Amino acid sequence: MGRPGYLTLPIFAVLAAIGYVYYTTVFVAVAGWLGLSTAAGVANAAAFTALAAACLATYYAAVSRDPGRVPPAFLPDVEGAETPVHEVKRKGGDLRYCQKCGHYKPPRAHHCRVCKRCVLKMDHHCIWINNCVGHENYKIFLVFVLYAVIASFYSMILIVGSVIHSAPKDEQLSSDSSRTLIIICGIILCPLTLALSVLLGWHIHLILQNKTTIEYHEGVRAMWLAEKGGDLYHHPYDLGVYENLISVLGRSIFCWLCPVSVNTGNGLRFRASYDILPSTPPCDLQKIALHSH
């Protein structure tokens, strides 16, 4: 496993896949079906080129962008009214402290064993970008996956159209090398499109609840423990669908698909549902739900 910020085999595999799918889609499928000298061919080639460029740009940003570092001097403001929720260890109830980094953990921060440091609002460590997905690059990662899904479906449509167009003219089909390129591209695209679509759907589901992947798994256990004790568990950072969306994508809906980070806050403190519903006191369920990583 490579150190964060370094090129690794999975990164080269992603870049190779993007390059191969782009070449086959534009210079084999589009060229063989519509032709690159026709208006339809040029329009589709240009549109797919723009999508491929967007994928590369957002992928580079996801790889190179720091997911968010915990300031060495960070101290939790236990008495502060702006932070009604304090995450504590499941055992003992102490404030979360990272022994490896030597500092307290802000809410939603976790220690990554691969990056060997704590990451703000950590979602997961992704080997395909050799980086953590956290507070500072989560939106960039999400937009990359969205562009990749759109590009994958677009490529499949163009390739299927090319195959259908060439089927009646099988005896005049170009070279065997073109067939091979199309077949290999299809073999790559089918599982890739499925995997990316599932990943995109999963993260949309998380965003609507204002959860990270880690918080989802912790919430499953917290819900079980709460029900076992006769209580109800409520995710403390769930602000409602719209507020959850803008907390990740930004307040301007016109910038939601832009590959820039417009996070709310600095990643050290987060609005909680108790801010919206002041009559609901911060309960001990948060202490059950979260633990040190």
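Leaving aside neighbours within four places in sequence, which residues is I129 in contact with? The answer is I11, Y59, A62, V63 and F141, where contact means heavy atoms within 4.5 Å. The model behind this is predicted, so local features need pLDDT of at least 70 and side-chain atom pairs count only at pLDDT 80 or more, while totals for chains, interfaces and linings use all residues. Residues are numbered from 1 along each chain as its sequence is written, and side-chain values use heavy atoms, with hydrogens and water left out.

I129 also turns up in the largest nonpolar core, a set of 44 residues in which Y59, I129 and V145 touch the most other members. A nonpolar core here is a set of buried Ala, Val, Leu, Ile, Met, Phe, Trp, Tyr and Cys residues joined through side-chain atoms within 4.5 Å; buried means under 20% relative accessible area, exposed over 50%, and partly exposed in between (1.4 Å probe, protein chains only). At least two residues of this core come from each of α1, α2, α3, α4 (176-209) and α6 (241-249). The largest share, 14 residues, is supplied by α3. There is also a second, separate core of seven residues, with V70, C98, A109 and L120 among them.

Next up is helix α2, which runs over residues 39-64. Helices (H or I, at least four residues) and strands (E, at least two) are DSSP runs, numbered from the N terminus. Buried residues of α2 include G41, N44, F48, L51, C55 and Y59. The buried residues of this helix pack against α1 (9-33), β6 (131-133) and α3 (138-166).

R117 sits in strand β4 and counts as buried because its relative accessibility is 13%. Not counting residues up to four places away in sequence, R117 touches D66, P67, G68, R69, C101, H110, H111 and C112.

Two loop residues other than glycine have a positive phi. R108, in the loop between β2 (103-104) and β3 (110-112), has a phi near 75°; with 2% relative accessibility, R108 is buried. K121 lies in the loop between β4 (117-119) and β5 (124-126), and its phi is near 40°. K121 is buried too, since its relative accessible area is 12%.

Notes. The expected span of a helix is 1.5 Å times one less than its number of residues.
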